[in-house]
Amino acid sequence: MRTAKDKIEMLFLKPSARGKGLGKTLIRYAIENLNCKKVDVNEQNQPAAGFYKRFGFKIVTRSELDGLGKPYPILPLQLDL
């Protein structure tokens, strides 16, 4: 996991580590200790979007392009406080 200011920049787990509560632990740490309230998710990655939504993140808007200008729609999510 990498964060910057109030945003989760990335969070990756090996497939073998999924389903063991590690992602949940990292998200809670980011929210509670690092005050992270935002994350961007590739629209095509619905499992990731669903993961963040379970913690109260909501879609704020939608961008047709990713941060590099490539045609990968991005969903900016923000924690529903």
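This is a predicted model: local features need pLDDT of at least 70, side-chain atom pairs count only at pLDDT 80 or more; totals for chains, interfaces and linings use all residues.
Q: How do I read the overall layout? Which elements are there, and in what order do they run from the N terminus?
A: Take the inventory, then walk along the chain. The protein chain has two helices and five strands. Starting at the N terminus, the order is β-β-α-β-α-β-β.

Q: What does the radius of gyration tell me about the 81 residues here?
A: You compare it with what a compact globule of that length would give. For 81 residues that would be near 12 Å, and the protein chain has 12 Å, so the two agree. For the outline, the C-alpha trace spans about 30 × 30 × 20 Å along its principal axes.

Q: How do I see whether contacts reach across the sequence? What share joins residues at least 24 apart?
A: Look at contacts between residues at least 6 apart in sequence: 50% of them join residues at least 24 apart.

Q: Can we zoom in on one helix? Which residues of α2 are buried?
A: Helix α2 covers residues 46-53, and its buried residues are A48, A49, F51 and Y52. Seen down the axis of α2, the buried residues fall within an arc of 155°, so they line one face of the helix.

Q: Why would residues a few places apart in an α-helix point the same way?
A: An α-helix has 3.6 residues a turn, so residues three or four places apart point the same way.

Q: What do the buried residues of α2 pack against?
A: Their partners come from several elements: strands β2 (7-10), β3 (38-42), β4 (57-59) and β5 (74-79), plus helix α1 (22-34).

Q: How do I read a positive phi, and what is the value for K5?
A: Check the residue type, then see where in the fold it sits. K5 is not a glycine, but has a positive phi of about 55°. K5 belongs to the loop between β1 and β2, and at 80% relative accessible area it is exposed. N35 is another residue other than glycine with a positive phi, near 55°. N35 lies in the loop between α1 and β3, and its relative accessible area of 45% makes it partly exposed.

Q: Is R54 buried or exposed, and which loop holds it?
A: R54 is in the loop between α2 and β4. Its relative accessibility of 63% counts as exposed. R54 and K24 lie 30 residues apart in sequence, with 9.9 Å between their C-alpha atoms.

Q: Last one: how far apart are the mean positions of the positive and negative charges?
A: You average the places of each kind and compare. Here, 15 positive and 8 negative charges have mean positions 7 Å apart.

Conventions
Residues are numbered from 1 along each chain as its sequence is written. Side-chain values use heavy atoms; hydrogens and water are left out. Helices (H or I, at least four residues) and strands (E, at least two) are DSSP runs, numbered from the N terminus. The radius of gyration is taken over C-alpha atoms; the globule rule is 2.2 Å times the number of residues to the power 0.38. Contact means heavy atoms within 4.5 Å. Lys and Arg count as positive and Asp and Glu as negative; His and the chain ends are not counted. The place of a charge is taken as NZ of Lys, CZ of Arg, CG of Asp or CD of Glu. Buried means under 20% relative accessible area, exposed over 50%, partly exposed in between (1.4 Å probe, protein chains only). The arc is that of the directions from the helix axis to the C-beta atoms.
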